[in-house]
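Okay, thanks everyone, I'll keep this short. Let me put the structure up, and then we'll go through a helix pair and a sheet.

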Number of protein chains: 2
Amino acid sequence: MTQPTYEDLEKHYSKFVSTNSMRKKLVSFWHPDPKYAHLEDDDYLKSKETKEDFIPLSLGLPNSGFFPIKSMDLNIVDHPFDKSSNLHKHNVATVSKETPVEMDLPFVLQYGDTKGLSPMLEFIENFVKSVGNQPLYNEWDTVIANGSNDSLFKIFETLADETTTVLVEEFSFVPVLSAIYGAGAKAVPTKLNIPVVNKDNYEQTSTVPYGKDDEGIDVEYMSNLLDNWSLGPYKHLKKPTLLYTVTTGQNPTGVSTSMEKKKQIIALAKKHDFIIVEDDPYGYLRMPLYNRSNPDENIYKSADFTTKRYLDDIMIKSYLSLDDDGRVLRLETFSKVFAPGLRLSFIAGNKYIIKQIHDYTEVSTRGASSVSQSLVYSTLKTMSKRDKKPMVEAWLDWIIQVATEYTERRNATLKAAYESEAFKKGYFSVIEPSAGMFVDFEINFKSLNGEFSDIEGMNRINKYFVKNGLGVVLAYKMALDVELSKDHCGLIRTAISFADEPKDLIEAVNRLNMSCVEFFEKRLGN
Amino acid sequence: MTQPTYEDLEKHYSKFVSTNSMRKKLVSFWHPDPKYAHLEDDDYLKSKETKEDFIPLSLGLPNSGFFPIKSMDLNIVDHPFDKSSNLHKHNVATVSKETPVEMDLPFVLQYGDTKGLSPMLEFIENFVKSVGNQPLYNEWDTVIANGSNDSLFKIFETLADETTTVLVEEFSFVPVLSAIYGAGAKAVPTKLNIPVVNKDNYEQTSTVPYGKDDEGIDVEYMSNLLDNWSLGPYKHLKKPTLLYTVTTGQNPTGVSTSMEKKKQIIALAKKHDFIIVEDDPYGYLRMPLYNRSNPDENIYKSADFTTKRYLDDIMIKSYLSLDDDGRVLRLETFSKVFAPGLRLSFIAGNKYIIKQIHDYTEVSTRGASSVSQSLVYSTLKTMSKRDKKPMVEAWLDWIIQVATEYTERRNATLKAAYESEAFKKGYFSVIEPSAGMFVDFEINFKSLNGEFSDIEGMNRINKYFVKNGLGVVLAYKMALDVELSKDHCGLIRTAISFADEPKDLIEAVNRLNMSCVEFFEKRLGN
């Protein structure tokens with residue numbers, strides 16, 4: 001027998017692969033090995049040159065310290081239909097008496113509803129209502145999916161095909177393009193306002209309120225683009241029927257869309273009849289205004305801080321809460337506030353579209369892991385019992401604690417950045433986030449009087465980052481059209497989520513500072 | 001504001017739904033509410049007429065007594081980055097010291113590899129090898145999916161499109177058609193040999209060995225169909241590039257394909273260059289030959305029964321084990337031997353095709369729930385420690401225990417059936433299974449001298465089943481072409497998996513008997 005090689009297999013079997021599947025390939029901005037996601041392929045090979053204690057701020061992962069459960073004990077039976085109370089104790093101490101009756105284990109381990117297990121769905125709907133995100137119309141619904149990547153896939157499979165154009169923020173979560181292109185559709189970038197804090201405006205910008213109205217989607221640009229579609233640069237494409245937006249703590253820029261801006265965008269959506277796909281993984285990770293005169297201030301930590309205040313003053317409500325005709329699809333995930341390994345997310349929107357997504361789910365994944373659903377539900381129920389509060393309240397308490405920790409990290413990062421030599425010399429600006437997992441910096445290559453382009457500059461300075469042991473994402477790799485985004489191709493995305501402690505972030509800013517000083521003051525590239 | 005109704009939403013938003021998605025609708029043979037899956041829509045409305053203690057043998061679900069864990073205790077932290085050992089005790093007793101180091105909780109809760117968590121994948125590959133299922137070539141691989149429904153979806157999305165024809169057993173697991181049609185492909189039925197035991201051949205058929213060569217796909221029919229494709233009834237379609245087969249304990253007929261027959265089918269696959277999609281959810285639920293002179297015999301229970309004997313004499317090996325050029329894709333699931341709520345399955349096959357499926361997974365679901373993966377892995381590891389055996393051995397022990405219980409159930413069902421008045425009078429025949437979750441019966445409408453068709457007969461007799469409190473699946477609803485399958489449209493599928501105890505199955509057979517006697521002896525329909 002002749003052993004077929006991989007190439008033999010490819011040669012013979014490539015004819016079996018469907019055209020539909022051929023275009024379903026991942027579009028990513030990271031390296032295949034996530035540990036080296038910050039590196040160019042070349043650099044990857046040379047990565048031994050970097051420091052031992054490399055800080056990978058390029059990784060948009062939450063630290064495991066954010067996960068609400070410490071361990072999971074399994075009570076294992078000795079044989080099928082084991083009725084004895086003499087259960088095997090290797091991995092467990094007592095049979096839990098606290099399991100919610102509505103979510104007991106035989107129910108959890110059995111086939112579950114495709115839409116989601118009913119107690120979990122009830123919690124989710126109740127939560128959407130309790131935080132004030134429910135739409136203004138009644139015929140809305142929710143469906144559970146296997147993480148927001150799966151939600152996005154199903155949404156674009158359901159709503160997009162070869163004839164579809166999707167508006168996407170100029171910098172975006174790149175893998176969404178896999179879902180858009182995978183469905184055969186086209187993506188068109190729309191501009192963002194990305195206000196920066198630099199040495200010159202540092203004093204004037206210190207009192208910007210939460211949810212700054214100017215940051216996020218550039219409504220004027222988008223409005224002009226749509227009004228003049230048939231004359232514009234994308235006139236060969238159909239007018240967009242979908243807008244994809246990461247609403248709060250946008251990935252990668254960190255900007256958040258205010259309610260005022262959401263109203264304007266809803267109005268545009270009605271005028272031009274498109275659907276808003278609101279991806280909001282970081283929506284609950286809101287941070288109070290950074291207080292420059294007291295960088296350690298974190299109002300979440302004040303004794304009289306309440307969930308009411310969080311909901312009324314700090315959280316930005318969903319586009320859904322402004323939606324009276326069903327044109328918003330909201331995506332939430334448990335990855336950021338619970339844990340990514342769950343693969344658990346949901347979509348809320350109008351019943352008709354949710355039914356289409358549900359139908360698609362029925363023939364593909366069916367329900368998300370019931371084990372994951374039960375893990376979340378049981379944790380919330382336990383928190384509720386422990387704290388003697390309704391589940392929604394107990395869960396909000398946890399969310400606020402997570403947001404508190406993110407605020408600490410953001411504060412430590414900003415403080416170090418503003419105090420740095422490189423900031424004071426104008427080598428970089430700061431995009432001050434009010435939500436999410438990212439603090440972005442913009443390297444001011446302009447000060448080099450056009451010696452080279454932002455992109456060339458980024459590729460040069462990144463070598464300094466790597467040498468100094470700092471991993472970041474070069475935001476231009478997340479731009480749909482670097483020409484359109486050339487004013488902001490000096491952006492870098494740093495994730496404040498993965499580090500073990502805020503002091504690691506301070507060290508990271510030190511390395512950013514050192515890299516900028518070295519780069520700007522030698523200005524030799526290498 | 002005017003509230004949009006569901007119809008308004010449908011009217012406005014249907015134009016957004018992609019043509020690709022429009023054809024992704026579930027094809028099923030059950031009622032939307034699984035509790036009433038056995039009923040026609042009409043009957044559903046009248047279902048209050050049936051008995052209180054209705055036995056739903058129509059449900060192909062495992063009883064929760066088959067699940068290997070009894071409870072799951074969560075150790076919940078009080079706040080993010082809680083380092084205290086003073087963990088919250090509501091739902092847990094001690095921090096587990098037995099968690100496998102290669103699968104600790106921070107790892108499990110984090111984003112995981114799309115292919116599967118590496119310890120789980122290693123176990124799976126080791127298991128495939130240990131049971132003797134590995135292919136004859138080296139370039140094979142595995143990928144984890146979210147249950148076999150998801151595996152099937154991804155396989156047909158990847159390998160089928162509008163130009164594809166798929167061969168499917170004449171009676172089949174109907175939802176697979178959703179995946180085939182969803183990809184735009186066509187399904188063509190191929191005949192099965194379904195040997196029955198009836199009052200006339202009862203004596204002669206008592207010594208048929210395990211894996212009867214004659215049951216399963218009718219190789220001669222398939223061979224003729226393919227050899228004469230351009231002259232046959234499907235000449236308007238392209239020649240098939242895929243065969244979908246449920247290999248062991250076929251759903252719905254319960255038949256199993258012998259190794260001898262697998263060799264013939266592999267030869268056909270080579271001759272006509274098609275891929276074999278081997279769906280084998282029941283592969284490990286093999287039952288030793290039913291001993292008519294001693295129906296209680298269950299050799300699994302003999303003291304000297306070994307896993308070696310199970311592997312050598314009882315389990316039927318995969319098509320993979322005969323595959324030397326990469327044309328077999330094997331689907332396994334943890335739903336039947338562990339629990340369906342996990343949504344955990346895997347596909348094994350040639351590296352090139354597995355990579356295509358992996359790429360598709362990358363842009364859709366990404367990895368299956370890591371929590372589910374860890375639940376299985378940790379359970380197996382605990383079994384291994386408890387029993388002081390390698391994980392594969394410990395897991396095989398569990399599998400054999402599950403198969404033992406299925407054998408008990410099969411034996412009880414067959415014994416009651418063969419002893420029944422209706423069998424002895426020739427009103428029904430038995431398809432004696434050697435694997436899986438189903439015992440099928442064939443109602444002998446032929447004895448009524450063509451008074452009505454099998455299908456009409458089935459619809460009439462089903463009213464007796466319902467009246468007597470028995471739920472079954474009418475197999476003709478799982479036929480691709482009732483005309484082609486008209487000789488076997490009297491088949492009914494009963495699942496022996498969902499009942500709590502074998503005695504429930506004996507009662508179910510009593511009801512089957514009573515229904516047949518009433519029907520045949522009154523012969524009035526209703």
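So, start with helix H12, residues 370-387 of chain A, and helix H13, residues 391-419 of chain A: they pack at an angle of about 95 degrees, and their axes are 8 Å apart. With that angle, H12(A) and H13(A) are therefore roughly perpendicular to each other. Keep in mind that this is a predicted model.

Who touches whom? On the H12(A) side you've got Tyr377(A), Leu380(A), Lys381(A), Met383(A), Ser384(A) and Asp387(A), and they meet Met391(A), Ala394(A), Trp395(A) and Trp398(A) in H13(A). If you sort the residues of that contact, you get seven nonpolar, one polar and two charged.

Now, over to the sheet. It's an open one with seven strands in chain A, in the order E3-E11-E10-E9-E8-E4-E5, and the pairing is mixed. Which strands sit at the edges? Those are E3 (140-145) and E5 (186-190) of chain A, each pairing on one side only. On average, neighbouring strands here are turned by 20 degrees against each other, ignoring direction.

Look at the E3(A) end. E3(A) runs antiparallel to strand E11(A), residues 345-350, and six bridges join the two. Trp140(A), for instance, stands opposite Asn350(A) in E11(A).

Then there are helices on this sheet. H6(A), residues 148-159, packs on it and touches E3, E4, E8, E9, E10 and E11 of chain A; its direction makes about 155 degrees with that of E10(A). And H8(A), residues 219-227, lies across E4, E5 and E8 of chain A, at about 135 degrees to E5(A).

Notes
Residues numbered from 1 in each chain as written. Chains lettered and ligands numbered in written order. Predicted model: local features only at pLDDT ≥ 70, side-chain atom pairs only at ≥ 80, totals over all residues. Heavy atoms only, no water. Axes fitted to C-alpha atoms, helices over the stretch in contact; angles between N-to-C directions. Helix = DSSP H or I, 4+ residues; strand = E, 2+ residues; numbered from the N terminus. Parallel < 35°, antiparallel > 145°, perpendicular 65-115°, else oblique. Contact = heavy atoms within 4.5 Å. Nonpolar A, V, L, I, M, F, W, Y, C, P; charged D, E, K, R; others polar. Pairing = 2+ DSSP bridges.
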